[in-house]
Amino acid sequence: MTTSSSERGVSLGMPELPAPAYPDDVRARLEADAREVIARYPDSRSALLPLLHLVQSEEGHVTRTGMQFCADVLELTTAEVTAVATFYTMYRRKPSGDYQVGVCTNTLCAVMGGDAIFEELQEHLGVGNGETTDDGKVTLEHIECNAACDFAPVVMVNWEFFDNQSPASAKRLVDDLRAGRAVEPTRGARLCTFKETARILAGFPDERPGAVEESGSAGPASLVGLRLARGETAPARVVHPRDGAPQDRDVHDPSPAEHLSSHDAPQDTSASDPAHPAGPAAEEGE
């Protein structure tokens, strides 16, 4: 005896209706912007990522209408567009707030306090991961590494950095955002809304007077790492024996190709050399 799908508790459902079209004036404006974006690439398919930011700037998230628009102007299938839009976390799939507040919970930020910040913000705002406050101002989420480990723990608002945060400072930050008070990132230009940020990410200029000049450069800690990566290393330190008596020895300035690491070569220790100034190593239990 066979059973029907309804008897098995399986609902096949109705096919999804086609995505509604943009109003004519909106589509005309987006098509003009899309042509400008597509013209930057030798292969039109390469314009898909910025075009997804473009449609996100229209509605605050990537809708089925937006994905259909991208498919139409790039002559792709909606399946191809959806595969990309669902892969990258910067594309939102549902309505979100004016300010995307992301707390880095990757390894270093987490152990430096990122997990505690995220937990307290969830309780403070009354929302979970990926959820938006009732006033539509703030969407909270945990994010992966944003290459700012030297300023951990880091909170980002619409992809602008707020460095060296704590639970208290993060709560003040979201309260200021919800109250409409001016908020200045640690680095980068002053904040704009998520829709405005999405348009900038699509490749259109930030038209706010002075915003580009405000962006500045990387922070001091990052620049130290950059100098090391370029081989602009400081002279090697000379460490005197433990009895404090200085010894005459040549100080070698390392070349950029050399590494100043204690792991580069075996080092004499009290365990390997009984005559080491630290004295012979004792066996466990002695």
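Helices are DSSP runs of H or I with at least four residues, numbered from the N terminus. The model is predicted, so that local features need pLDDT of at least 70 and side-chain atom pairs count only at pLDDT 80 or more, whereas totals for chains, interfaces and linings use all residues. Residues are numbered from 1 along each chain as its sequence is written, and side-chain values use heavy atoms, with hydrogens and water left out.

Helix α2 comprises 12 residues and reaches 17 Å from its first C-alpha to its last, close to the expected 16 Å, a span given by 1.5 Å times one less than the number of residues. The helix is mostly covered, with 9 of its 12 residues buried; among them are Leu48, Leu52 and His53. Gly60, which follows α2, has a positive phi near 85°.

His53 lies in α2 (residues 48–59) and is buried because its relative accessible area is 8%. Beyond its neighbours within four places in sequence, His53 is in contact with Met90, Tyr91, Ala198, Leu201 and Ala202.

Val81 belongs to helix α4 (residues 78–85). Its relative accessibility is 0%, and Val81 therefore counts as buried. With neighbours within four places in sequence set aside, Val81 is in contact with Leu48, Leu52, Met67, Cys70, Ala71 and Leu76. Val81 and Leu49 are separated by 32 residues in sequence and by 9.3 Å in space, C-alpha to C-alpha.

How values were computed: Helices (H or I, at least four residues) and strands (E, at least two) are DSSP runs, numbered from the N terminus. Buried means under 20% relative accessible area, exposed over 50%, partly exposed in between (1.4 Å probe, protein chains only). Contact means heavy atoms within 4.5 Å.
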